[in-house]
Amino acid sequence: MSLCTVVEVRAIVDPKHLTDDDIASIIAHASNVIVLNTGASVDIDDDILSTACVHLATSMVLQKMKFTGELAAQIKLGNESQSNSIDIDITRHEQLAEKYMKKFRYATTGFSILYGRAGVKVVNNEE
């Protein structure tokens, strides 16, 4: 089981040369990375982890598109050229995934704030 779906990843990035099975295997890998980083379970139904999975899988799909040449850094056709900020997009999605993983860890960490009073004639004053 994965933390997000192919449809959710394709809503952000839609590669032409990657099949749904390719994206599903990327999602499975992203889910495993998130589980290892957060200590959560893959079977958990949490919106924060699902969003982290979408962003991490998106960054991995963008990397795959970059390596296969589908989304090159610069494309030149005749006299026209186009530059893509693919590295910036990859970094942005990785940062968003890390942000949501940190948010999940913070929300699920059980901690308590110690409370006490101390001082002269404050606690259990017998006078």
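Trainee: How do you know that the span of helix α3 is close to the expected one?

Mentor: In this predicted model, helix α3 covers residues 47-68, which is 22 residues, and it reaches 31 Å from its first C-alpha to its last. The expected span is 1.5 Å times one less than the number of residues, and for α3 that expectation is 32 Å, so the value of 31 Å is close to it.

Trainee: What makes D46 a cap of α3, and at which end does D46 sit?

Mentor: A side-chain oxygen of D46 lies 2.9 Å from the backbone nitrogen of I48, and because a polar contact needs an N or O pair within 3.5 Å, this pair qualifies, with D46 capping the N-terminal end of α3. After α3 comes G69, which has a positive phi, near 90 degrees.

Trainee: Why is the link of C4 and C53 called a disulfide?

Mentor: The S to S distance between C4 and C53 is 2.5 Å, and the cut-off is a pair of cysteine sulfur atoms within 2.5 Å, so the pair counts as a disulfide. A search of the whole structure finds 1 disulfide. The two cysteines belong to distant parts of the chain, since C4 is in the segment before α1 (6-12) and C53 is in helix α3, 49 residues apart. Both C4 and C53 are buried, and the angle of -50 degrees about the S-S bond makes their link left-handed.

Trainee: Why is T38 called buried?

Mentor: T38 has a relative accessible area of 14%, and buried means under 20%, so T38 belongs in that class. T38 lies in helix α2, residues 20-38, and touches L49, M101, F104 and R105, leaving aside residues up to four places away in sequence.

Trainee: How do you know whether A97 is buried or exposed?

Mentor: The relative accessibility of A97 is 0%, and the class of buried residues takes values under 20%, so A97 is buried. A97 is found in helix α4 and touches A52, H55 and L56, not counting residues up to four places away in sequence. A97 and V54 are 43 residues apart in sequence, yet 7.8 Å apart in space from C-alpha to C-alpha.

Trainee: Which residues have the most contacts inside the largest nonpolar core?

Mentor: They are V9, I23, I27, I34 and V61, in a core of 28 residues. The elements that give two or more residues to this core are α1, α2, α3 and α4 (86-108), and the largest share, 10 residues, comes from α3. Among the residues that I27 touches are V9, C53 and A57.

Trainee: How many helices and strands does the protein chain have?

Mentor: The protein chain has 4 helices and 2 strands, and from the N terminus on its elements run α-α-α-β-β-α. Of its 127 residues, 31% are buried.

How values were computed:
Residues numbered from 1 in each chain as written. Predicted model: local features only at pLDDT ≥ 70, side-chain atom pairs only at ≥ 80, totals over all residues. Heavy atoms only, no water. Polar contact = N/O pair within 3.5 Å; in protein donor to acceptor, adjacent residues only side chain to side chain. Buried < 20%, exposed > 50% of the residue type's maximum accessible area, 1.4 Å probe, protein only. Contact = heavy atoms within 4.5 Å. Core = buried A, V, L, I, M, F, W, Y, C linked by side-chain atoms within 4.5 Å.
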